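Please look through the sequence and the model shown here before reading on. The report that follows goes through loops, strands, charged pairs and a pocket in turn.

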Amino acid sequence: MQIKQGILLIGRLLSLLIVPSISYAQNDSKAKDEKTVNTRLKPVIQSTPKPLRPDILIEKFADVQANAVRILIHPVSGDFYYTTFDGGVFHLSQKNGSVVSEQILTVNDHGIKKLQGAVFAGSELFLCGNTIENSNRGTTGRLVRFSITPNSTPKLTVVFNTEVYGLNATTWDHGWNALVLSPDKQYIYITSGSRTGHGEIQDDKGVYINARDNALTTKIFRIPVDAENLLLPNDINKLKADAYLYAEGIRNAYDMAFSPDGNLFAVVNSSDYDHSEDMFWVRQGRHYGFPWIMGGVENPQQYPDFMPDPKKDPFLNATSHGMLMKYFRNDPDFPKVPEGVKFSPGVQNLGPDANEYRGHSGKILDGDNTGVSISTFTAHSSPLGLVFDTKRKLSDEFKGDGFVLRNTIGTKSSLMKPFTDQGRDLLHLDMSYDKLSDNYFVKTTRIVDSFNNPTDAVLLGNSLYIIEYDAKVGSIWKVTLPGGS
């Protein structure tokens, strides 16, 4: 039997449907045991972002501490804050004409060793990430909150911890990361990414034997803002019964945002296979396909006769981490698609940018030339920093629209290079709902180029503030977009 090449572009995929991966959460002490490590966040020579249209202004806003991941604005005071992967929370203030960072929280205050998510709900700061358990072989997801008010010491409240589950010996433990507040301010939505690249077995050298993903990974959860001291079990039926589980089958939605219409969207980092990087309209109770489908393309490892060979399967890159570490493998015990589950597709990208894809022939194609929409962005581009103009403060061209960053650049990525030299840019997302498919389509246009590892963004009026990750000194850039009258 011939293996299925995993080529499921929009026409074939829709018949099955109801309608990068970026790895901040690296298990750093174990990555050194691998023959190769994830290089997507290596420090780069600083460059100045460049606007791609004359009505956009870019200026340096601040230098920030190393390993910065999230940027946020206190909705009461209007002050800027940011967080670092190693647990730091910083307040930005003006001193002697300069913007300076003051650390207000450390890992000792909140207990989150790998801090990846942060959001304000009023004066309450929510932080999420992972702890290290079982002699660095296990982990728990953890969400806490602090009241951040003038002239007071932040006080910790634990929202939840999860049961312990296994880490592994890879760089693919994505962990608990993105946070977003519901428009009615009643719920916090939380992403828990995969602990695998594409659903394969990933134990930890004899610990947590035969572990793949589980009830606490590859999902989006919804938790009441006033919850305290919850324990989330590694039990999918209990999570559903308690109404904490919101959506399933999402590899690593490192950013989420609500549109002006109150719809939740998430941008997802895909695997080392040449899947596109999905953007999903996330709806309660839906399943989005992982690990069986990513970016509208089948995962070939689900088929018992799969024998990975880049010479026969052009979607496999011989230089990829997954191939070098032999994580693409014959896997006859790969889980079957759960009976009765229907997968919901990603938002369909109409171009003109970020819509290159690998076609049925194995060749790299451009949707502008073929007329094919893809799900959603160019493979391996690592979309981050999703925001919407929810207050409709921008000019008519941008009013109510979305914006997203791409962290990877083709010139520096062996996986993305076959598709494009572009990346590390800011994309404008002009979205429209299609009633027939009950899904969204997006026109995607590059408007800023040449960021250095951009990881997150926040929109204030018509100014977009973008933070960059760096191992020494990071940056925040202020991107002024055309404002409304």
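## Backbone features in loops and strands

N151 is found in the loop between β9 (138–147) and β10 (156–162), where strands, like helices, are DSSP runs numbered from the N terminus (H or I over at least four residues for helices, E over at least two for strands). This is a predicted model, in which local features need pLDDT of at least 70 and side-chain atom pairs count only at pLDDT 80 or more, while totals for chains, interfaces and linings use all residues. Residues are numbered from 1 along each chain as its sequence is written, and side-chain values use heavy atoms, with hydrogens and water left out.

Although N151 is not a glycine, its phi is positive, at about 60°. N151 counts as exposed at 83% relative accessibility, on a scale where buried means under 20% relative accessible area, exposed over 50%, and partly exposed in between (1.4 Å probe, protein chains only). K185, also not a glycine, has a positive phi of about 65°; K185 lies in the loop between β12 and β13 (187–192) and is exposed, with a relative accessible area of 51%. Most residues other than glycine have a negative phi, and most peptide bonds are trans.

## Strand pairing

An open sheet is formed by four strands in the order β3-β4-β5-β6, with antiparallel pairing; two strands are taken to pair if DSSP finds at least two bridges between them. Because β3 (68–73) and β6 (98–105) stand at the edges with a single partner strand each, one side of each is left without a neighbour in the sheet. From one strand to the next the twist averages 30°, the axes being lines fitted to C-alpha atoms (for helices over the stretch in contact) and the angles running from 0 to 180 degrees between N-to-C directions. Between β3 and strand β4 (residues 80–84), which run antiparallel, there are five bridges, and L72 has Y81 in β4 as its bridge partner.

## Salt bridges

Side chains of opposite charge can pair when their charged atoms come close. The structure holds 18 salt bridges, each defined as a side-chain nitrogen of Lys or Arg within 4 Å of a carboxyl oxygen of Asp or Glu. The table gives some of them.

| Salt bridge | N to O distance | Relative accessible area |
|---|---|---|
| R53 and D55 | 2.7 Å | D55: 36% |
| K60 and D63 | 2.9 Å | K60: 41%; D63: 44% |
| K238 and D242 | 2.6 Å | K238: 41%; D242: 31% |

K238 is partly exposed, and D242 likewise counts as partly exposed. Elsewhere, salt bridges that share partners join R406, D425, R446 and D449 into one network.

## The largest pocket

How much space lies in the largest pocket? The volume is about 1200 Å³, that is, the space filled by probe spheres set on grid points joined across faces, edges and corners. On a 1 Å grid over the protein atoms alone, a pocket is an open set of points with protein on both sides within 12 Å along at least five of seven lines, whereas a cavity is a set of points where a 1.4 Å probe fits but cannot get out; lining residues have an atom within 4 Å of a point.

The lining consists of 41 residues, of which V119, F120, T390, V458 and L459 lie nearest the centre of the pocket. The elements that give two or more residues to this lining are β3, β7 (114–121), β12 (176–181), β17 (255–258), β25 (383–388) and β29 (454–460). By class, the lining has 25 nonpolar, nine polar and seven charged residues, where Ala, Val, Leu, Ile, Met, Phe, Trp, Tyr, Cys and Pro count as nonpolar, Asp, Glu, Lys and Arg as charged, and the others, Gly among them, as polar.
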